[in-house]
Amino acid sequence: MRNQVFNFCIDQALVGDKQYFFSATQEGVVWIGFVENDRLVILGKREVSTRIGAALAYEPASRLLAVAGDNIHLFEVTQ
């Protein structure tokens, strides 16, 4: 995986008492984490496309994060 150069798309979600963020980079990686004490805490990352950015959309009622890059991926956001 290449170094991450810049952010392509972002979204956020409030799940329970945590403020989550989702960040898709130019390199096709989605970073997932939450905000705690005014800091970003990284939970993980996942490659979702091959060398292109991905669009993100979070749907609060279903707690699903849709990620569209080469394909469409759905991730369930849980506490």
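Begin by selecting R63, which lies in the hairpin of β5 and β6 and takes a positive phi near 60°. Four residues separate the two strands of this hairpin. The model is predicted, so to speak of local features a pLDDT of at least 70 is required and side-chain atom pairs count only at pLDDT 80 or more, while totals for chains, interfaces and linings use all residues. Residues are numbered from 1 along each chain as its sequence is written, and side-chain values use heavy atoms, with hydrogens and water left out.

**The hairpin strands**

Next, select residues 55–59, which form strand β5, and residues 64–68, which form β6. Strands here are DSSP runs (E, at least two residues), numbered from the N terminus, as are helices (H or I, at least four residues). β5 and β6 run antiparallel and are joined by five bridges; two strands pair if DSSP finds at least two bridges between them. To see one of the bridges, select A55 and its partner A68 in β6.

**The core**

Proceed to the largest nonpolar core, which has 16 residues. Such a core is a set of buried Ala, Val, Leu, Ile, Met, Phe, Trp, Tyr and Cys residues joined through side-chain atoms within 4.5 Å. Select Y20, F22, L56, Y58, L65, V67 and V77, the members that touch the most others. Two or more residues come from each of β1, β2, β3 (29–36), β5 and β6. Then centre the view on L65: beyond its neighbours within four places in sequence, its contacts (heavy atoms within 4.5 Å) include F22, H73 and F75.

**The four-stranded sheet**

Turn to the open sheet, where four strands follow the order β1-β2-β3-β4 with antiparallel pairing. At its edges lie β1 (7–15) and β4 (39–47), each pairing on one side only. Eight bridges join β1 to β2 (residues 18–25); select N7 and T25 to find a pair of bridge partners.

**The whole chain**

Finally, show the complete chain, which has seven strands and zero helices. Along its principal axes, the C-alpha trace spans about 35 × 25 × 15 Å. Of the 79 residues, 32% count as buried.

Terms used:
Buried < 20%, exposed > 50% of the residue type's maximum accessible area, 1.4 Å probe, protein only.
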